[in-house]
Amino acid sequence: MIYDFIYLLLLLTGIVVLVENRLSRIIFFLSVQGFLLVFPVLQTHDGDLKHAISLIVMVVLFKGILTPWVLNWTANKSKMNESTTPRFGYLATLLFMVLGLVLAVKITEGVSVLSIPVHKIGLIYVILLVYVGILCFVVRRNWLALIAGFCVFENGIFVLTMVLDKGLPVGLEFGSFLDAILVIVSGGILQLSPHMHTKERKL
């Protein structure tokens, strides 16, 4: 039951990233979501402590600390506006969320007994988390919020893959951290690019 609550918290942090209008809070809740990913790792790797510890270290480092830090650093260096709003407004975003909930329920309809360490309601939360990440690409305009949405989407895929396959080899799991590597490299390129600094001076 505790893990169903964790999946709910993962979904709620994703929703905050989707609808929040302050970049600093978007980054903060993305970091919170990264730390929450520790619990699904523990759930799906309870029989392999060494594997679990190595994966937890990567989760905390890449998703909980490094990715949010790079996003915050890039936003500050770019002097980006703190405020951002959804492209179609909050009402339309809520409608999209309701449609996503119906979709998630339909996907899991008829699933009574799962051969995975998560209840049906938890699986619905995870599917909705993936959907929220996709939704960020539709309703967001600010590029940093779009990157945050991509991270939410990848976090959802990461959890979904773990609970469906009951854990993956370390090499395959490390591929799930490509979002963090992409954010780090992109942030560095943006700050080192002369074109970026020229554009900032014009603004």
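Which side chains meet in a salt bridge at 2.4 Å, N to O? That pair is Lys63 and Glu154. Keep in mind that this is a predicted model. My notes follow.

1. **The Lys63–Glu154 pair.** I'd start here. The salt bridge between Lys63 and Glu154 comes out at 2.4 Å from N to O. It ties together distant parts of the chain, with Lys63 sitting in helix H4 and Glu154 in helix H7 (residues 143-165), 91 residues apart. Both partners are buried.

2. Besides the salt bridge to Glu154, Lys63 lies over the face of Phe158, 5.6 Å from the ring centre. Lys63 also turns up among the residues touched by Ser31, together with Gly64 and Pro68, once residues up to four places away in sequence are set aside. Ser31 itself belongs to helix H2 (residues 23-36). With a relative accessibility of 14%, Ser31 counts as buried.

3. A search of the whole structure gives two salt bridges.

4. **Aromatic pairs, part one.** How many aromatic pairs does a search of the whole structure find? It finds two. One of them is Phe28 with Phe29, an edge-to-face arrangement with 5.2 Å centre to centre and 80 degrees between the planes. Phe29 has a relative accessibility of 25%, so it counts as partly exposed.

5. **Aromatic pairs, part two.** Trp69 and Trp73 also pair up: their ring centres are 6.2 Å apart and their planes are at 5 degrees, so this pair is stacked. For the angle, the stacked label needs planes under 30 degrees apart. Both tryptophans lie in helix H4 (residues 49-77), four residues apart, which is about one turn of the helix. Trp69 is exposed, with a relative accessible area of 52%, while Trp73 is partly exposed at 30%.

6. **A nonpolar patch on the surface.** Leu91, Leu94, Val98 and Val102 form this one, and together they have about 400 Å² of accessible area. Val102 has its place in helix H5 (residues 89-107). Its relative accessibility is 46%, so Val102 counts as partly exposed.

7. **Tyr7, back at helix H1.** Is Tyr7 buried or exposed? At 1% relative accessibility, Tyr7 counts as buried. It is placed in helix H1 (residues 2-19). The C-alpha atoms of Tyr7 and Gly156 are 9.8 Å apart, although the two residues are separated by 149 residues along the chain.

Conventions
Residues are numbered from 1 along each chain as its sequence is written. This is a predicted model: local features need pLDDT of at least 70, side-chain atom pairs count only at pLDDT 80 or more; totals for chains, interfaces and linings use all residues. Side-chain values use heavy atoms; hydrogens and water are left out. Patches are made of residues with over 30% relative accessible area and no salt bridge: like charges are joined within 9 Å, nonpolar side chains (Val, Leu, Ile, Met, Phe, Trp, Tyr) within 5 Å. Accessible areas come from the Shrake-Rupley method with a 1.4 Å probe; for residues, only the protein chains shown count as cover. A salt bridge is a side-chain nitrogen of Lys or Arg within 4 Å of a carboxyl oxygen of Asp or Glu. Helices (H or I, at least four residues) and strands (E, at least two) are DSSP runs, numbered from the N terminus. Buried means under 20% relative accessible area, exposed over 50%, partly exposed in between (1.4 Å probe, protein chains only). Rings of Phe, Tyr and Trp (its six-membered ring) pair if their centres lie within 6.5 Å; planes under 30 degrees apart count as stacked, over 60 as edge-to-face and the rest as tilted. A charge sits over a ring if NZ of Lys or CZ of Arg is within 6 Å of the ring centre and within 35 degrees of the ring normal. Contact means heavy atoms within 4.5 Å.
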